[in-house]
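Here are my notes on this one, as numbered points. Have the chain open while you read, and go point by point.

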Amino acid sequence: MSSPDPQVRAARNESTSPPPRGPVVAVTGAASGVGALLTARLAASEEVKQVVAIDELRGECAEAEWHILDVRDPVIADRLRGADVVVHLALDLDLETDAAARTAYNVRGTQTVLTAAAAAGVHRVVLCTSTMVYGALPDNELPLAEDAELRATAEATGVGDLLEIERLARRAPRAHPGLNVTVVRPAVLVGGTDTALTRYFESPRLLVVAGSRPAWQFCHVDDLCSALEYAVLEKVDGELAVGCDGWLEQEEVEELSGIRRMELPSAVALGAAARLHRIGLTPSPAGDLAYTMYPWVISGSRLHDAGWRPAYTNEEVLAQLLDEVSGRHTVAGRRLGRKDATAAGAAGATVALLGAAAVVRRARKARRRI
């Protein structure tokens with residue numbers, strides 16, 4: 001008997017092959033940033049059955065099933081039905097966003113997603129915060145263990161929101177039995193990002209507070225996406241730190257970047273930074289400065305134990321960051337045009353800090369004379 005035609009055999013194999021295995025994964029904030037990268041990565045994975053993309057705008061991933069809505073809308077529960085895992089990445093950490101509006105969006109959005117996921121029968125939610133939640137403190141060990149106490153305060157940009165998200169993550173399994181929550185905490189994130197910490201490298205001089213001991217640990221967005229995929233596929237769970245292995249001392253950062261330091265006494269730097277922010281000249285509160293003063297490096301042992309490894313080193317990520325910020329000019333956290341940056345001169349951060357502090361002092365004296 002002659003064998004069947006190859007096209008017939010292919011059709012038979014296709015009709016009898018089992019459906020794709022793996023979870024149905026919903027991603028919020030899927031149209032841009034890390035959400036867009038993760039959506040594309042999961043859509044291309046043979047270990048993922050389907051990707052449901054949720055955002056206020058439609059993204060570019062044609063393979064995903066798109067739903068256009070605000071994550072604070074309770075109707076999201078209907079869109080999550082049938083999903084096995086939700087990765088919640090719809091967060092606003094923009095330096096220029098009004099702080100109260102940012103908190104309202106971040107906290108209410110996370111609350112809604114967790115409640116909706118439980119109502120829809122989702123069994124796992126993956127949240128993304130930051131290793132900033134551990135706090136930058138002079139007595140931190142190098143590196144910190146992942147189960148170290150979260151000692152951050154709400155004084156740095158967005159950290160109060162992240163701490164509240166962490167609290168919601170701990171409470172959710174008790175409020176919704178059967179719902180598992182995994183929290184992924186990246187180090188200084190690099191790759192199309194704009195934060196107070198990436199802007200630090202846009203200054204003409206690197207501000208160093210006298211007596212401090214900075215330690216820099218970076219995380220490439222691709223490594224964050226691969227760690228999130230590990231969590232999605234349940235290869236690891238719990239509270240996970242993700243970043244490059246080890247860290248760079250401040251002297252190494254200065255040598256690799258070629259940017260010289262400008263050292264200031266602690267009282268001057270912190271006091272001036274607080275005044276600058278209070279009068280609206282810079283987007284970053286004084287609390288951001290602590291993360292350039294003290295170590296907050298994490299071991300990342302849980303991902304390592306699960307077989308995950310970063311694809312990038314701290315040196316490679318720093319090089320990419322320097323390439324990304326080339327041509328940008330920031331003084332004391334505020335973006336400047338090229339003309340303004342030239343006027344600021346090589347003193348950079350010091351001129352901005354001390355100059356603004358002098359302006360504030362003069363204004364106070366003037367008010368007292370009236």
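1. A word on labels before anything else: helices (H or I, at least four residues) and strands (E, at least two) are DSSP runs, numbered from the N terminus. This is a predicted model, in which local features need pLDDT of at least 70, side-chain atom pairs count only at pLDDT 80 or more, and totals for chains, interfaces and linings use all residues. Residues are numbered from 1 along each chain as its sequence is written, and side-chain values use heavy atoms, with hydrogens and water left out.

2. Now the end of α7. E234 is not a glycine, and its place is the loop between α7 and β11 (239–242). Most residues other than glycine have a negative phi. E234 is partly exposed, at a relative accessible area of 42%; on this scale buried means under 20% relative accessible area, exposed over 50%, and partly exposed in between (1.4 Å probe, protein chains only).

3. What about α7 itself? The helix covers residues 221–232, 12 residues in total, and its first and last C-alpha atoms are 16 Å apart, close to the 16 Å expected at 1.5 Å a residue. (The expected span is 1.5 Å times one less than the number of residues.) How many of the 12 residues of α7 are buried? The count is 11, so the helix is mostly covered. Among those buried are D223 and E229, along with V221, L224, C225 and Y230.

4. Stepping back to the whole chain, there are 13 helices and 15 strands. Buried residues account for 49% of the 370 residues. Take the contacts between residues at least 6 apart in sequence: 77% of them join residues at least 24 apart. Contact here means heavy atoms within 4.5 Å.

5. Next, α4. This helix runs over residues 99–120, and its 22 residues should span 32 Å at 1.5 Å a residue; the end C-alpha atoms are 31 Å apart, which agrees. Its buried residues include R102, Y105, N106, V107, L114 and A120. What covers the buried residues of α4? The cover includes the strands β1 (24–28), β4 (85–88), β5 (124–128) and β6 (180–186), plus the helices α3 (76–80) and α5 (159–175).

6. Axes are lines fitted to C-alpha atoms, for helices over the stretch in contact, and angles run from 0 to 180 degrees between N-to-C directions. The crossing is right-handed, a term used if the near helix is turned clockwise from the far one by less than a right angle. From α4, R102, T103, N106, V107, T110, Q111 and L114 take part, and from α5, D161, E164, I165, L168 and A172. By class, the contact of α4 with α5 has five nonpolar, four polar and three charged residues. (Ala, Val, Leu, Ile, Met, Phe, Trp, Tyr, Cys and Pro count as nonpolar, Asp, Glu, Lys and Arg as charged, and the others, Gly among them, as polar.)

7. Compare that with α8 (residues 250–257) and α11 (residues 314–325), whose axes come within 11 Å and cross at roughly 50°. This pair is therefore oblique, and the crossing is right-handed. V253, L256 and S257 of α8 meet E315, L318 and L322 of α11. The contact of α8 with α11 consists of four nonpolar residues, one polar and one charged.

8. L206 and V253 lie 47 residues apart in sequence, with 9.6 Å between their C-alpha atoms. L206 is buried, at 0% relative accessibility. Beyond its neighbours within four places in sequence, L206 is in contact with residues including Y200, F201, V253, S257 and M262.

9. Two last spots to look at. T39, in helix α2 (residues 33–43), is buried at a relative accessible area of 0%. Setting aside neighbours within four places in sequence, T39 is in contact with V27, A30, V51, A53, C61 and A64. The peptide bond from L142 to P143 is cis, with omega near -5°, and P143 sits in the loop between β5 and α5.

Methods. The expected span of a helix is 1.5 Å times one less than its number of residues. Angles under 35 degrees count as roughly parallel, over 145 as roughly antiparallel, 65 to 115 as roughly perpendicular and the rest as oblique.
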